[in-house]
Amino acid sequence: MHEVSIIQNVVEIVLDKAIENNFTKVHKVSLKVGELSGIALDPLNFAFKSCIIGTMLEGSALKLEKVKATAECKECKLVFPIDHFNKLCPCCNKFCSDIISGYELYVNTIEGD
């Protein structure tokens, strides 16, 4: 369950930024999670609730924003949705290796006092 170690790193990042910005309490953390990142959202939520106990994040909400996986075709310049198994351009049927989004995992916003 690598979601626990991911959330531990997220909590560390959020605490560092909260202290840097003189927060005393964090109310909400927003993460961007790409469809191709391989991260399960339910275990991520569960790990968050466990890892924030005893910190200034305790009681805060976790907002998970899924990022759609997209690619751009080198041949026809079409931007289109992809998944793990299909990266063929729907226009010219060429394999696409220019992935624009889908692998993201980062802290997007932190709200607090």
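Author: K17 and E20 both belong to helix α1 (residues 3-20), where they sit 3 residues apart, about one turn of the helix. Helices (H or I, at least four residues) and strands (E, at least two) are DSSP runs, numbered from the N terminus. This is a predicted model, in which local features need pLDDT of at least 70 and side-chain atom pairs count only at pLDDT 80 or more, while totals for chains, interfaces and linings use all residues. Residues are numbered from 1 along each chain as its sequence is written, and side-chain values use heavy atoms, with hydrogens and water left out.

K17 and E20 form a salt bridge, with their closest N and O atoms 3.4 Å apart. The term means a side-chain nitrogen of Lys or Arg within 4 Å of a carboxyl oxygen of Asp or Glu. K17 counts as partly exposed because its relative accessibility is 39%, and E20, at 55%, counts as exposed. Here buried means under 20% relative accessible area, exposed over 50%, and partly exposed in between (1.4 Å probe, protein chains only).

A search of the whole structure gives 3 salt bridges. In another of them, the side chains of K32 and E65 meet at 3.3 Å, N to O. K32 is in strand β1 (residues 26-34) and E65 in strand β2 (residues 61-67), so this pair ties together parts that are 33 residues apart in sequence. K32 is partly exposed, at 22% relative accessibility.

E35 also forms a salt bridge, with K68, the closest N and O atoms being 3.7 Å apart. E35 lies in the loop between β1 and α2 (41-51), and K68 in the loop between β2 and β3 (70-72), so the pair ties together parts 33 residues apart in sequence.
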